[in-house]
Amino acid sequence: MQIIHTVEEMRQWRQTVGRVAFVPTMGNLHEGHLALVREARRRADHVVVSIFVNRLQFGQGEDFDRYPRTLAEDTEKLAGEGVAVVFAPDEKALYPNVAQQYHVEPPNLQNELCGAFRPGHFRGVATVVTKLFNIVQADAACFGKKDYQQLTIIQGMAADLNMNVEIVPVDTGRAADGLALSSRNQYLSQTERAEAPRLYRELQTVARAVEAGERDYAALEAAAVRHLSENGWQVDYVEVRRADSLAVPHIGDKKLVVLAAARLGSTRLIDNVEILAA
């Protein structure tokens with residue numbers, strides 16, 4: 001396995017190999033990331049994993065400075081998964097002009113759901129992913145469904161901008177009690193960690209009700225918010241949306257998803273459950 005730090009070396013390596021699958025990450029890897037890597041290995045002979053903590057997607061007061069940088073541990077895990085290249089550029093390599101002057105601007109979806117609470121986040125994601133796609137030139141790129149809004153925006157961006165890369169959605173990795181795997185789970189106290197799976201259970205309750213024929217989405221969302229709030233959560237949102245576009249659903253839509261973001265203490269967790277309505 002090679003560890004590459006410069007754009008020039010990454011491009012040179014790319015010219016020497018055939019089909020490549022790509023997994024972009026910010027490091028601090030857990031089993032959910034490794035599931036993306038395993039899916040990438042099924043898609044191509046060569047897998048590239050990027051590790052870059054992207055300043056552009058962190059808002060004011062968010063955890064950019066304390067986000068764990070664990071490159072040595074991450075590369076050890078990736079070597080065991082048969083990864084060909086770890087692309088780990090520093091900020092100067094990826095942002096040579098220091099202040100990025102050109103950005104990729106997603107549609108208004110970037111200002112809804114998580115975007116309503118993290119202004120500029122999805123612009124930062126779209127910009128860095130575009131840069132990484134341009135550098136790595138992968139044939140396929142794997143993204144987890146846990147970050148469902150991010151996945152939807154990246155899918156739309158790749159289609160709209162005619163990017164020559166297949167976007168591969170990968171199911172959310174979960175702990176045995178249902179909690180979605182996330183780098184932020186390590187910030188939970190022991191008590192908070194015991195409470196955290198409630199988020200997934202509430203989403204499952206909403207999904208089961210819709211699958212059984214319930215169509216009062218607002219009432220289901222409000223009930224989930226109430227149950228979470230009664231148990232110490234600070235809820236940003238619980239919403240049912242169309243699965244393909246994250247648009248507000250109409251009666252008769254079959255493929256839906258219920259999404260949520262909420263805080264336990266200082267830790268913000270997100271999750272979602274896909275729904276096939278009756």
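The model is a predicted one. UniProt, in an unreviewed entry, places the feature "binding site" at Gln57 and Gln150, and although these positions are spread over 94 residues of sequence, they cluster in space, with a largest C-alpha distance of 11.3 Å.

**Gln57**
- Gln57 is found in the loop between E3 and H3, and because its relative accessible area is 11%, under the 20% cut-off, Gln57 counts as buried.
- Not counting residues up to four places away in sequence, Gln57 touches Met26, Glu62, Arg118, His121, Gly124, Val125 and Val128.
- The side chain of Gln57 is also joined to that of Asn54 by a polar contact of 2.9 Å.

**Gln150**
- Gln150 belongs to helix H7, which comprises residues 148-160, and with a relative accessibility of 18% Gln150 is likewise buried.

**Helix H3**
- In helix H3, which spans residues 71-79, the buried residues are Asp74, Thr75 and Leu78; seen down the axis of H3, they fall within an arc of 95°, and therefore line one face of the helix.
- An α-helix has 3.6 residues a turn, so residues three or four places apart point the same way.
- The exposed residues Ala72 and Glu76 are carried on the face of H3 turned away from its buried side.
- The cover over the buried residues of H3 includes strand E1 (2-4), helix H2 (31-43), strand E3 (46-51) and strand E4 (85-87).

How values were computed:
Residues numbered from 1 in each chain as written. Predicted model: local features only at pLDDT ≥ 70, side-chain atom pairs only at ≥ 80, totals over all residues. Heavy atoms only, no water. Buried < 20%, exposed > 50% of the residue type's maximum accessible area, 1.4 Å probe, protein only. Helix = DSSP H or I, 4+ residues; strand = E, 2+ residues; numbered from the N terminus. Arc of directions from axis to C-beta. Contact = heavy atoms within 4.5 Å. UniProt positions renumbered as here; feature names shortened; annotations may be inferred. Polar contact = N/O pair within 3.5 Å; in protein donor to acceptor, adjacent residues only side chain to side chain.
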